[in-house]
Amino acid sequence: MTVRTAPPISSLAFYADLARSYDELALISPAFPSATMIYNLMSGHLSIDDMRVLDVGIGTGLSSEPFAADGFDVTGVDGSGPMLKLCAEKGIAQNLFEVDFTTSPLPFQNGAFDAAFSANTFYLLPAAAQEHVITELSRVTKPGGLFAFNYEPRRPGDLGIRFNDATLNPRNPHSVITYALEPERVHTLLAQHQIGIVAADTRIVARKLAGLPIQFETLICRAP
Ligand SMILES: C[S@@+](CC[C@H](N)C(=O)[O-])C[C@H]1O[C@@H](n2cnc3c(N)ncnc32)[C@H](O)[C@@H]1O
């Protein structure tokens, strides 16, 4: 086994570098969480009135493809210009916006969407930014509408921060830091904002080629 020790770079630099290989790797590599997991868990809870959906961290669009195929009207936000460029070429989203979730709010009015979700993105954000995006997902979802996200629950005794070991992309010498979040913090935050939990799912979503497997909790929530 080759061990690479290149220093980590920011998540946006990492995805700028990964963009061209992303779809191919996401479909074949056991190191990638399933892009369609949120759709599989969420779509059965949506009604015929829930057509305007927002994908936060849309990337190249893999997480939105099944929504678009079902006729949903997809808007996407992501911080990576190169990922968004590839997404735009597929024509699955009506509108795309470049936003860094660590520094900016979502550029939408309160209740602008019938439903919203973030797939496989939270673990790339520091804890404070993950908490910020949860409240932003709730804010931009219509009252009583559903939003969903997945995050890596921090395990007891775990520091909650890992260096991705760069095996995601064999052509990328860099690593990226990922962040687990304490489940108690997530559930307290939801309660503080009167956000209900409609469904929860915990499972191993990716097998890192070195290091621990990645487990996510996915929550389907109802905006107050
Ligand atoms: C693993 S990909 C997930 C893409 C898509 N949702 C999927 O499941 O295929 C993570 C996405 O998060 C985006 N991202 C990472 N850090 C970000 C940040 N600070 N602000 C905005 N987007 C960010 C990346 O550009 C990338 O598109």
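Select G81 and E89: these exposed residues sit on the face of helix α4 that is turned away from its buried side. Helices (H or I, at least four residues) and strands (E, at least two) are DSSP runs, numbered from the N terminus. Before you click on, know that this is a predicted model: local features need pLDDT of at least 70, side-chain atom pairs count only at pLDDT 80 or more, and totals for chains, interfaces and linings use all residues. Residue numbers start from 1 along each chain as its sequence is written.

**Around α4**

Now colour M83, L84 and C87, the buried residues of α4 (residues 81-90). They cover an arc of only 95 degrees around the axis, so they lie on the same side of α4. That arc is taken from the directions that run from the helix axis to the C-beta atoms. What do the buried residues of α4 pack against? Show α1, β3 (73-78) and β4, and you have the answer. Contact here means C-beta atoms, placed from the backbone, within 7 Å.

Step off the end of α4 and you land on G91, whose phi is positive, near 70 degrees. Then pick I92, in the loop between α4 and β4. Is I92 buried or exposed? I92 counts as buried because 22 other C-beta atoms lie within 10 Å. Leaving out residues up to four places away in sequence, I92 touches G61, S64, E65, A68 and V74.

**The seven-stranded sheet**

Switch to the cartoon view and trace β4-β3-β2-β5-β6-β10-β9, an open sheet of 7 strands with mixed pairing. Its edge strands are β4 (95-98) and β9 (196-206), each pairing on one side only. Two strands count as paired if DSSP finds at least two bridges between them. Strands of a sheet pair through backbone hydrogen bonds, either parallel or antiparallel.

Zoom in on β2, where 4 of the 5 residues are buried. β2 and β3 run parallel over 5 bridges, and D55 stands opposite G76 in β3. Look towards β5 as well: 3 bridges join it to β2, again in parallel, with A115 of β5 as the bridge partner of V53.

Further along, β6 (residues 141-151) and β10 (residues 214-222) make an antiparallel pair over 6 bridges. Click A148 and then I220, its bridge partner in β10. Next, show helix α5 (residues 127-140), which lies across β2 (52-56), β5 (113-118) and β6, at about 150 degrees to β6. Axes are lines fitted to C-alpha atoms, for helices over the stretch in contact, and angles run from 0 to 180 degrees between N-to-C directions.

**The three-stranded sheet**

Select β1-β8-β7, an open sheet of 3 strands with mixed pairing. β1 (8-9) and β7 (161-163) are at the edges with a single partner strand each, so one side of each has no neighbour in the sheet. β7 and β8 (residues 175-179) are antiparallel over 3 bridges; find F163 opposite I177 in β8.

**Last stop: the ligand**

Which residues come nearest to the ligand? Of the 22 around it, they are S11, G59, S63, G79 and S80, where "around" means a C-beta atom, placed from the backbone, within 6 Å. Finally, highlight helix α1 (residues 11-28), which gives the largest share of this shell, 4 residues.

Technical notes. Contact = placed C-beta atoms within 7 Å. Buried ≥ 20, exposed ≤ 12 C-beta atoms within 10 Å, placed from the backbone.
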